[in-house]
Amino acid sequence: EQGKGGNRREYDRFALGLKVRVYAGGGDARRMLADSVLRDVSGGGASFASADATRYHIGQHLQLVIMLPGTDRIDARLEGFATVVHVDRPGADDAALIGVSMDDMLDFRRSAIPPEGEGDGI
């Protein structure tokens, strides 16, 4: 089925505003590329904005860490790997839109946040 603008999509896209941290590489060699906001997500991928499109290229493997809101006592997030499928570079004043295809299911991760004054090694 054809979507708006002639785009063919296997999944519906849903607008989001969740914070995402983007990494390149893996393990100890990974480096943070950006903190951004997810623009939209679907069953097979997602997109986020970037002020520096030169950091991304088609086929690049990324690790995404999506922060979940409303988690007062835990640091809850979704983590997974994705591949860049498009880099849209609009006008000079606009952020680039980076589209990724998810390599696998996202993993739910959480860590307890110690109460204030606890866990600071004192």
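**Entry 1: Val-87**

I started with Val-87 and found it in strand E6, residues 74–88 (strands, E, are DSSP runs of at least two residues, numbered from the N terminus). I am working from a predicted model, where local features need pLDDT of at least 70, side-chain atom pairs count only at pLDDT 80 or more, and totals for chains, interfaces and linings use all residues. Residues are numbered from 1 along each chain as its sequence is written, and side-chain values use heavy atoms, with hydrogens and water left out.

Is Val-87 buried or exposed? I looked up a relative accessible area of 15%, so Val-87 is buried (buried is under 20%, exposed over 50%, partly exposed in between, with a 1.4 Å probe and protein chains only).

Leaving out residues up to four places away in sequence, I listed Ala-53, Tyr-56, His-57, Ile-58, Leu-97 and Ile-98 as touching Val-87 (contact means heavy atoms within 4.5 Å). Leu-97 is 10 residues from Val-87 in sequence, and their C-alpha atoms are 5.9 Å apart.

**Entry 2: Arg-30**

Next I turned to Arg-30, in the loop between strand E2 (19–24) and strand E3 (31–41). Its relative accessibility is 32%, so I noted Arg-30 as partly exposed. Beyond residues up to four places away, Arg-30 touches Tyr-23, Ala-24, Gly-25 and Gln-63. Gln-63 is 33 residues from Arg-30 along the chain, with 8.7 Å between the C-alpha atoms.

**Entry 3: confidence**

I then checked pLDDT (the predictor's confidence in each residue, from 0 to 100). The protein chain has a mean of 79, and 72% of its residues reach 70 or more. Strand E1 (residues 14–15) is lowest, at a mean of 58, and strand E7 (residues 96–102) highest, at 93.

Technical notes:
Helix = DSSP H or I, 4+ residues; strand = E, 2+ residues; numbered from the N terminus.
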